[in-house]
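How do protein chains meet one another, and how can such a meeting be described? The following paragraphs lead the reader through these questions one step at a time.

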Amino acid sequence: MNSVHDMGGMHGMGPIKYEKNEPVFHARWEGRVLALTSAMGPWRLPGSSRFEQEQIPAAEYLRMSYYERWFTVLVERMVKGGLVTRQEIKSGKRAGGSPKAVPRLTAAQVRATPASAGRTDRPVVTPLFRVGQAVRARNMHPPGHTRLPRYTRGRLGTIDRDHGVSRPPDTSAQGLGAKPQHIYSVRFAARELWGEQAAPRDAVYVDLWDDYLEPA
Amino acid sequence: MNGVHDMGGMHGMGAIHYEKNEPVFHARWESRVFALFRLTRAWNKWNVDVSRRQIESIPAAQYLRMSYYERWFTALGELLVASGLITRAELVKGKRARGSPKATPPITAAQVASMPSAAALARREAPVAPRFQAGQQVRARNLHPVDHTRLPRYARGKLGAIHRDHGVWAFPDAIAHFLSDKPQHVYSVRFAARELWGETASPRDAVYLDLWDDYLEPA
Amino acid sequence: MDTTRRGFLAATSAAAGDHAQAADQHHDHDHQAVPSDPTLRVKALESLLVEKGLVDRAAMEALIDAYEHKIGPHNGARVVARAWVDPGYKQRLLADAPAAISELGLPKPSGLLAVENGPRLHNLVVCTLCSCYPSSFLGLPPVWYKSAAYRSRAVIDPRGVLREFGLELPEDVEVRVWDSTAELRYLVLPERPAGSEKLGEEALAALVTRDAMVGVAKAKPPQAGGGA
Amino acid sequence: MKATRRGFLTAAGAAAAAQDHVHAQGHDHDHQAVPSDLTLRVKSLESLLVEKGLVDRAALDALVDRYEHAVGPRNGARVVARAWVDAGYKKRLLASAAAAMEELGFASQTGENLVAIENGPKVHNLVVCTLCSCYPWAVLGLPPVWYKSAPYRSRAVIDPRGVLREFGLELPEDAEVRVWDSTAELRYLVLPERPPGAEKLSEEALAALVTRDAMIGVAKVTLPQAGGRP
């Protein structure tokens with residue numbers, strides 16, 4: 001979706017504020033939000049965290065801090081998944097008579113060496129493009145979740161490397177992301193993206209799936 | 001400037017709230033801001049593109065949160081201070097600094113009806129030759145100026161056709177900085193919806209944009 | 001999209017308590033911002049500028065009065081009605097709108113264009129970059145015209161926007177969106193409604209709404225007068 | 001729009017406040033959102049989920065502890081230092097960062113999705129995520145606030161040289177800047193250049209020079225002032 005989360009190339013966002021000796025968390029609640037989100041992971045909450053975040057109204061999205069967005073979306077997904085009710089969120093108390101579950105993530109599991117998130121399903125798919133080939137990012141504007149940033153759409157690039165096969169996370173009903181496909185680093189010259197005032201040697205590399213590309 | 005003001009094609013902005021029997025102003029302060037904005041412009045300390053630039057420079061989250069006249073009000077304060085008509089201290093206090101001179105307003109109630117419009121102020125009679133003809137294929141240039149421009153992001157790099165020539169006008173990217181007018185032709189350019197938005201757009205629809213010579217290149 | 005969004009807002013409102021309040025306010029802000037505070041701040045600025053002799057209070061009153069009571073869609077409606085009954089006038093309006101408008105004794109706007117709807121053609125006006133509108137002719141724009149929702153969607157999904165306004169256009173109608181990014185302003189000349197053949201010019205003008213001249217509606221059908 | 005380097009690195013907050021209070025208001029939220037309110041709301045949510053048996057409080061503590069103390073840029077720094085002293089390892093790292101990580105005993109959560117990209121005298125790499133804030137957690141820990149902020153996400157792709165200048169890094173015209181916008185599931189680790197004068201340092205001492213910023217690409221690795229002086 002074309003929303004404010006898609007920030008590449010926006011002006012007017014102010015200076016970058018660098019904080020010396022920045023702590024991992026700026027307040028205790030930030031760490032708790034992160035941990036709660038991870039601990040709820042095994043419950044398989046509905047929806048995608050990213051797409052839910054993108055749907056936060058634009059002014060709110062920009063106003064909120066990073067973990068505030070996480071918190072908002074966590075609540076939303078838990079309610080959707082029926083794990084808690086809005087009434088319970090409001091009161092902070094389990095509804096009388098409702099069952100008590102057993103946590104799916106334990107401290108022991110956390111302390112154990114984190115398992116490699118290795119992908120087990122590695123279907124063999126023929127790539128549509130090869131390294132060095134000129135491609136054009138498709139000019140599409142899906143209202144759902146996509147990983148094709150606006151600033152690349154319609155732009156010419158070259159396949160820099162092939163990362164293998166995975167499934168794009170698009171949520172739109174255009175058949176995008178329905179099937180596993182190759183994902184590539186695509187190199188876009190800065191001048192192709194931003195016009196003549198950009199540095200002639202610079203480039204931006206974006207990871208794009210087959211479905212996002214067409215032959216140039 | 002690629003700011004949030006450049007909204008064409010954004011998703012997620014919510015439903016359009018239609019108000020039945022909407023009043024011209026929703027509060028008295030809105031009408032006062034409107035009138036102050038119009039009347040202070042008569043000091044010729046800024047033009048419409050300078051004030052637009054000021055509004056566009058409101059930080060994104062604020063811009064989206066603010067109502068229309070709140071943006072005007074914010075920009076007005078900054079313009080008044082930047083132009084030296086008032087000082088920051090006066091703006092904060094709402095009181096004229098002691099000993100500062102008192103001016104005579106350039107526009108009286110009797111003159112209100114004959115104030116020139118923004119369009120009248122931007123029109124130029126300079127004999128500039130057009131670079132394009134009606135019917136000609138053009139491409140909107142892929143420009144990303146960090147400052148004020150009237151070329152929306154969604155049209156950049158896209159193919160269109162000159163629909164008609166509107167004559168010669170001052171160039172906003174220049175006058176927003178009090179630079180020379182850089183007068184040039186403005187055209188209505190037709191862009192097919194599919195060119196702008198891809199295959200899912202209607203095959204018949206089109207968007208017409210008024211674009212200056214400097215925004216266009218031959219296709 | 002739209003229903004999702006509403007669902008989102010509704011859902012968050014219960015879920016996140018005052019967060020949602022903020023979200024709702026965001027949309028309400030479009031027309032009612034921080035009530036008491038701007039009142040005071042604007043008042044302070046006004047007295048400062050008057051005190052410094054930078055603006056004349058009577059001029060302010062005159063300007064506000066003009067936009068509240070004199071300039072408004074009725075001007076446009078007169079022009080449209082005349083174009084419906086007088087083909088010569090319509091031709092002149094489409095060729096040179098400011099001249100045609102001043103023919104009716106109305107103040108001559110500069111840089112105004114009239115675009116004509118037809119059975120297979122529908123025009124819609126927006127300003128994506130700010131909120132440009134033919135104010136000197138139709139009066140000040142409504143809040144929805146200036147809202148992020150309208151400005152963002154009118155160019156990318158004009159048919160969806162029109163549907164929200166209750167206007168479902170057949171597939172074979174061409175939609176032309178006019179994004180008025182320069183100093184030119186646009187007036188949509190709506191189609192004369194069926195069944196209005198016998199109406200006089202004044203009665204016709206009563207059928208022409210602001211929304212029809214922006215292109216989010218068609219002219220009202222005759223005798224719709226409230227009941228139908 | 002332009003922030004002076006000094007103001008940027010030292011007193012960003014104060015400078016912004018002085019320059020334009022509207023700006024300051026808009027951006028302070030980046031790291032200080034409605035503190036008291038969220039503290040309460042998060043606390044209340046946590047006790048609810050614990051009470052319902054959906055999460056285990058000890059697991060929460062363990063998770064927080066991991067990101068505060070176990071995972072962090074020093075993991076990445078060890079990888080970089082090894083690549084500097086061992087050409088064969090560097091080759092393996094650039095070919096398959098995941099396998100190279102495992103060699104050093106890191107079972108990476110990001111796993112095979114990690115890609116190492118090498119800086120050189122004429123090539124500088126910079127990592128950003130314009131769509132969200134994707135970051136190689138497994139090697140670098142959690143991203144700093146500025147990495148997640150709108151100013152960085154918006155400008156890194158369109159004005160990388162300006163961004164680098166703000167971080168105190170002025171690149172020559174003839175250098176090539178490569179920005180990696182990690183919008184998919186791949187994560188990027190910049191392999192910075194080994195600083196000149198570091199030839200005699202041990203692997204451990206080298207690792208101590210490698211900063212998080214250098215591995216994101218907003219800084220180079222430099223010798224500490226004292227050691228650098230002949």
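The model shown here is predicted. The account begins with chain D and chain A, where 95 residues of chain D are in contact with 90 residues of chain A. The size of an interface is often given as the accessible area lost when the parts come together. For chain D and chain A the buried area is about 8200 Å², and carbon and sulfur atoms give 60% of it. Three residues of chain D, namely K52(D), L54(D) and L131(D), supply 8% of the area that chain D buries against chain A, which is more than any other three residues.

Charged side chains also meet across this boundary. The rule finds five salt bridges across the interface of chain D and chain A. R32(A) and E46(D) illustrate how such a bridge is made: their side chains meet with an N to O distance of 2.7 Å. Polar contacts may be counted as well, and between chain D and chain A there are 31 residue pairs in polar contact, with both residues at pLDDT 80 or more. On the side of chain D that touches chain A, helix α4 (residues 35-51) of chain D gives the most, with twelve residues. Sorted by class, this side of chain D has 53 nonpolar, 15 polar and 27 charged residues.

Within it, V204(A) stands opposite V179(D) in β3(D).

The next pair to consider is chain B and chain C. How many residues does each of these chains bring to the contact? Chain B contributes 91 residues and chain C contributes 83 residues. The area buried between chain B and chain C is about 7800 Å², with 61% given by carbon and sulfur atoms. Between these chains the count is five salt bridges. In one bridge between the two chains, the side chains of R32(B) and E46(C) meet at 2.6 Å, N to O. Polar contact joins 28 residue pairs between chain B and chain C, both residues being at pLDDT 80 or more. Helix α1 (residues 28-41) of chain B gives the most to the side of chain B that touches chain C, with twelve residues. That side of chain B divides into 48 nonpolar, 21 polar and 22 charged residues.

Here again there is strand pairing to follow. Strand β4 (residues 206-212) of chain B and strand β3 (residues 174-179) of chain C pair in the parallel sense over four bridges. A206(B) stands opposite R176(C) in β3(C).

The account now turns to contacts inside single chains. Over all chains, the structure holds 45 salt bridges. R63(A) forms a salt bridge with E60(A), with the closest N and O atoms 3.6 Å apart. Both R63(A) and E60(A) lie in helix α3 (residues 58-63) of chain A, three residues apart, which is about one turn of the helix.

Aromatic rings provide the last example. A pair of aromatic rings is described by the distance of the centres and the angle of the planes. The count over all chains comes to 40 aromatic pairs. The rings of Y68(B) and W72(B) have their centres 5.3 Å apart and their planes at 45°, so this pair is tilted. Y68(B) and W72(B) are separated by about one helical turn because they are four residues apart in helix α4 (residues 68-82) of chain B.

Conventions. Residues are numbered from 1 along each chain as its sequence is written. Chains are lettered from A and ligands numbered from 1 in the order in which they are written. This is a predicted model: local features need pLDDT of at least 70, side-chain atom pairs count only at pLDDT 80 or more; totals for chains, interfaces and linings use all residues. Side-chain values use heavy atoms; hydrogens and water are left out. Contact means heavy atoms within 4.5 Å. Buried area is the accessible area (1.4 Å probe) that two parts lose on being put together, summed over both. A salt bridge is a side-chain nitrogen of Lys or Arg within 4 Å of a carboxyl oxygen of Asp or Glu. A polar contact is a pair of N or O atoms within 3.5 Å; within protein, one must be able to donate a hydrogen and the other to accept it, and residues adjacent in sequence count only if both atoms are side-chain atoms. Helices (H or I, at least four residues) and strands (E, at least two) are DSSP runs, numbered from the N terminus. Ala, Val, Leu, Ile, Met, Phe, Trp, Tyr, Cys and Pro count as nonpolar, Asp, Glu, Lys and Arg as charged, and the others, Gly among them, as polar. Two strands pair if DSSP finds at least two bridges between them. Rings of Phe, Tyr and Trp (its six-membered ring) pair if their centres lie within 6.5 Å; planes under 30 degrees apart count as stacked, over 60 as edge-to-face and the rest as tilted.
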